[in-house]
Amino acid sequence: MQEIIENIIQWNKIAENNSFNKWLEMSMLSEEFAETILAIKNKDKKEILDWVLDTFIIGVWTLHKMGFNSEQILTALERIMINNYQKFDIKLTWTNIEYKCIKDENWKIMKPEWFKPVDLSDLIPNDNYVPNK
């Protein structure tokens, strides 16, 4: 996965897409989102796959332009996935592990009372960079 993240960073460097611009980032994500709504409506799996991965690529590159390196991005992704498992109520039996979760009326997984947000504070670059464009 780290190689993929580094490839995304390298491709964007070659494309000279190097400075953070919140309007450009929001525009790219909005365009991808609009394409997704149409793809979901049309049940177009190819376009949905394209959207999900383009969104991931835009996200990785946006983070890199804000000062994050591939290791920080990968570590954050791993921590978030581990943290997401806190949303499950785990029941252990002699032969099985059962995962249960509470969902709202829209099937969104709800956070239980004991859920603690993931701590990513040590991954934030210390270069005092704050996107302001």
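User: Is the crossing in which H2 passes H3 left-handed or right-handed?

Analyst: This is a predicted model, in which local features need pLDDT of at least 70, side-chain atom pairs count only at pLDDT 80 or more, and totals for chains, interfaces and linings use all residues. Residues are numbered from 1 along each chain as its sequence is written, and side-chain values use heavy atoms, with hydrogens and water left out. Helices (H or I, at least four residues) and strands (E, at least two) are DSSP runs numbered from the N terminus, and a crossing is left-handed if the near helix is turned anticlockwise from the far one by less than a right angle, right-handed if clockwise. By that convention, H2 passes H3 in a crossing that is left-handed.

User: How are H2 and H3 oriented to each other?

Analyst: The axes of H2 and H3 (lines fitted to C-alpha atoms, for helices over the stretch in contact, with angles from 0 to 180 degrees between N-to-C directions) lie 9 Å apart, at an angle of about 165°. Angles under 35 degrees count as roughly parallel, over 145 as roughly antiparallel, 65 to 115 as roughly perpendicular and the rest as oblique. H2 and H3 are therefore roughly antiparallel.

User: How many nonpolar, polar and charged residues are there in the contact of H2 with H3?

Analyst: Contact means heavy atoms within 4.5 Å, and the residues that H2 contributes include Met 28, Leu 29, Phe 33 and Thr 36, which meet a set in H3 that includes Ile 48, Trp 51 and Ile 58. Ala, Val, Leu, Ile, Met, Phe, Trp, Tyr, Cys and Pro count as nonpolar, Asp, Glu, Lys and Arg as charged, and the others, Gly among them, as polar. The contact of H2 with H3 divides into 8 nonpolar, 3 polar and 5 charged.

User: Why is Thr 36 buried?

Analyst: Thr 36 is found in helix H2, and its C-alpha is 7.1 Å from that of Glu 47, at a separation of 11 residues in sequence. Buried means under 20% relative accessible area, exposed over 50% and partly exposed in between (1.4 Å probe, protein chains only). Thr 36 is buried because its relative accessible area is 3%.

User: How are H1 and H4 oriented to each other?

Analyst: Helix H1 (residues 2-14) and helix H4 (residues 70-84) pack with their axes 9 Å apart, at an angle of about 130°, and H1 passes H4 in a right-handed crossing. In H1, Gln 2, Ile 5, Glu 6 and Ile 9 meet Ser 70, Glu 71, Ile 73 and Leu 74 in H4, a contact whose residues divide into 4 nonpolar, 2 polar and 2 charged. H1 and H4 are therefore oblique.

User: How are H1 and H3 oriented to each other?

Analyst: The axes of these two helices, H1 and H3, come within 9 Å and cross at roughly 75°. H1 and H3 are therefore roughly perpendicular.

User: Which class counts are found in the contact of H1 with H3?

Analyst: Ile 5, Ile 8, Ile 9, Asn 12 and Lys 13 in H1 meet Phe 56, Ile 57, Val 60, Trp 61 and His 64 in H3. By class, the contact of H1 with H3 has 7 nonpolar, 2 polar and 1 charged.

User: What is the relative accessible area of Lys 43?

Analyst: Lys 43 is found in the loop between helix H2 (22-41) and helix H3 (45-65), and its phi is near 55°, a positive value in a residue other than glycine. Lys 43 is exposed, with a relative accessible area of 72%.

User: Which residues is Phe 115 in contact with, leaving aside its neighbours within four places in sequence?

Analyst: Phe 115 lies in the segment after E2 and counts as buried, at 16% relative accessibility. Leaving aside its neighbours within four places in sequence, Phe 115 is in contact with Asn 83, Gln 86 and Lys 87.
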